[in-house]
Amino acid sequence: MCDSANAAGRGLTVGETPPAYREPEEADASGSGEPAGEVRRRRKGGFPPLPEPLAVPVIDNHTHFDVRDGAVTVPIGEALDAAEAAGVRGAVQVGTDLESSRFTAAVVEQDPRLLGAVALHPNDAPLLAEGGTLDDALSEIEHLAAGDRIRALGETGLDYFRTGEEGRGGQLRSFRAHIDIAKRLDKALQIHDREAHDDVVATLLSDGAPDRVVLHCFSGDADLARVCNEQGWFMSFAGTVTFRNAANLREALLVADPGLVLVETDAPFLTPHPHRGRPNASYVMPNTVRAMAEVVGSGVDALCSRLTANTEAVYGSWDAP
């Protein structure tokens, strides 16, 4: 069980930002030549306070510990301690290119609270294809994915928001290669799908999806949720489900099979309400979980139990071998 006493036992206080995530004090930063007003502005918009911990622990199934925010660099162990104090007992560290995938393969061997996913992000794939290095990069991803604590290929997929028509061929080629690797290695597939729902679905159906598919940061509507229900694909909801303008996500969550729902932070991005716009972290995830429970009319503890069971159904056990 995780509660306020658990947080206090780790030297953390509910309602205060964990020490490791705090911005440098103004006096410390002034030596860098940064204007004092700018330091105050950044500190006001820094990492959110520690929320009331979840009583039943959950797992953050998509986060980026290698992506740092500003001047704050948090050691992995301290980041996971803060998450655990909030009732987030583990996480999936996700790679998006060769550098972050190498980082992921190394760091998951250092702490049993971490599992990993490795991939080439769909926005990077066209650049690699244009440079003639996509095949070599995919070969290294496959090598990294073979590790026991790497449980998924991701994040891969299609992104029509940042990549134009000229790059879609490279994206699709990379996506299909990741699908193939996931099936051959019996790994889950974490999908990045931005403004490309129809083509993501069509590709999975035409190529044959792996046994375990996760639509990371689910961004569709109730119709896409119904497709996922039919296919047995998992839908991972992030802080976006708490945004006031995201009625489509809440409608999708209501339609989603409860046995196919996951939760994530995508930290340091997509910070949930009421801290939208500030950097995100795994310890902030209770805000998203409580909002999800309110949407589906569930008790928070019951939802946490279901989320953890679903997450382990996708990625397996977090226990060290």
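Contact is taken here as heavy atoms within 4.5 Å. The structure is a predicted model, in which local features need pLDDT of at least 70 and side-chain atom pairs count only at pLDDT 80 or more, while totals for chains, interfaces and linings use all residues. Residues are numbered from 1 along each chain as its sequence is written, and side-chain values use heavy atoms, with hydrogens and water left out.

Helices (H or I, at least four residues) and strands (E, at least two) are DSSP runs numbered from the N terminus. Helix α12 (residues 286–296) packs against helix α13 (residues 300–315) with the axes 9 Å apart and at an angle of about 110°; axes are lines fitted to C-alpha atoms over the stretch in contact, and angles run from 0 to 180 degrees between N-to-C directions. The two helices are therefore roughly perpendicular (65 to 115 degrees). On the α12 side, Val289, Arg290, Met292 and Ala293 meet Val300, Leu303, Cys304 and Leu307 of α13. Seven of the residues in this contact are nonpolar, none is polar and one is charged (Ala, Val, Leu, Ile, Met, Phe, Trp, Tyr, Cys and Pro count as nonpolar, Asp, Glu, Lys and Arg as charged, and the others, Gly among them, as polar).

Strand β4 (residues 150–159) has 10 of its 10 residues buried, that is, under 20% relative accessible area with a 1.4 Å probe and protein chains only. Strands pair if DSSP finds at least two bridges between them. Strand β3 (residues 114–118) runs parallel to β4 and is joined to β4 by three bridges, with Val118 partnered by Leu153. Six bridges link β4 to strand β5 (residues 188–194), also in the parallel sense, and Leu158 has Asp193 of β5 as its bridge partner.

Methods. Buried < 20%, exposed > 50% of the residue type's maximum accessible area, 1.4 Å probe, protein only. Parallel < 35°, antiparallel > 145°, perpendicular 65-115°, else oblique.
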